[in-house]
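Hello,

Here is the structure I promised to pass on. Please open it alongside this email, and my notes follow below.

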Amino acid sequence: MAYTLIFTHASSSTRDSGASKMQKKSLAKLHRKVSLIIATDFLTWVPFITIAILHYFEVIDAENYYDFCSICLIPTNSVINPIIYHGDEILFKIRRWIQKHFTRVTEGQVTRNTIASTAM
């Protein structure tokens with residue numbers, strides 16, 4: 001519910017302000033993140049809620065399912081959400097680290113990989 005309000009407020013404020021291309025691009029990024037968060041929340045919480053309701057009405061005996069939900073399903077959502085929130089920053093840092101450590105020659109400077117490959 002809260003994500004829907006964020007999504008709606010951001011869309012209306014950007015539309016009302018006559019947003020630039022950069023702001024529209026930022027809004028599209030926000031829309032993707034909110035959509036992913038809603039989808040992952042739905043995919044992890046709805047099965048648990050469904051199992052709990054079926055157990056409450058004695059349709060199924062869900063004692064075996066509670067372990068799976070509490071150990072695997074719900075924590076998965078907790079792991080995925082920070083990746084969604086900060087995925088771009090994480091990817092940027094990984095790319096920068098790879099470029100720093102695995103680029104053979106950068107702007108005329110010799111790196112560790114260049115020294116190791118020429119020594120063999």
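Let me start with Asn77: this residue counts as buried, at 6% relative accessibility (buried means under 20% relative accessible area, exposed over 50%, and partly exposed in between, with a 1.4 Å probe and protein chains only). Asn77 sits in helix 3. Apart from its neighbours within four places in sequence, Asn77 is in contact with Thr40, Asp41, Thr44 and Trp45, where contact means heavy atoms within 4.5 Å.

Before going further, a word on the source: this is a predicted model, in which local features need pLDDT of at least 70 and side-chain atom pairs count only at pLDDT 80 or more, while totals for chains, interfaces and linings use all residues. Residues are numbered from 1 along each chain as its sequence is written, and side-chain values use heavy atoms, with hydrogens and water left out.

On confidence, the chain averages a pLDDT of 77, and 74% of the residues score at least 70 (pLDDT is the predictor's confidence in each residue, from 0 to 100). Helix 2 (residues 21-56) has the highest confidence, at 86, and strand 1 (residues 105-106) the lowest, at a mean of 50.

As for the overall layout, the chain has four helices and two strands, which run α-α-α-β-β-α from the N terminus on. Helices (H or I, at least four residues) and strands (E, at least two) are DSSP runs, numbered from the N terminus. Of the 120 residues in the chain, 18% are buried. Among contacts between residues at least 6 apart in sequence, 52% join residues at least 24 apart.

The structure holds zero disulfides, a disulfide being a pair of cysteine sulfur atoms within 2.5 Å. Cys69 is in no disulfide, and its nearest cysteine sulfur, that of Cys72, is 8.9 Å away. Cys69 is buried, with a relative accessible area of 1%, whereas Cys72 is partly exposed, at 36%.

Finally, the surface. Val79, Ile83, Ile90, Leu91, Ile94, Trp97, Ile98 and Phe102 form a nonpolar patch with about 770 Å² of accessible area together. Accessible areas come from the Shrake-Rupley method with a 1.4 Å probe, and for residues only the protein chains shown count as cover. Val79 is found in helix 3 (residues 63-102) and is exposed, with a relative accessible area of 54%.

Best wishes

Methods
Patch = residues over 30% accessible without salt bridge, like charges linked within 9 Å, V, L, I, M, F, W, Y side chains within 5 Å. Salt bridge = Lys/Arg side-chain N within 4 Å of Asp/Glu carboxyl O.
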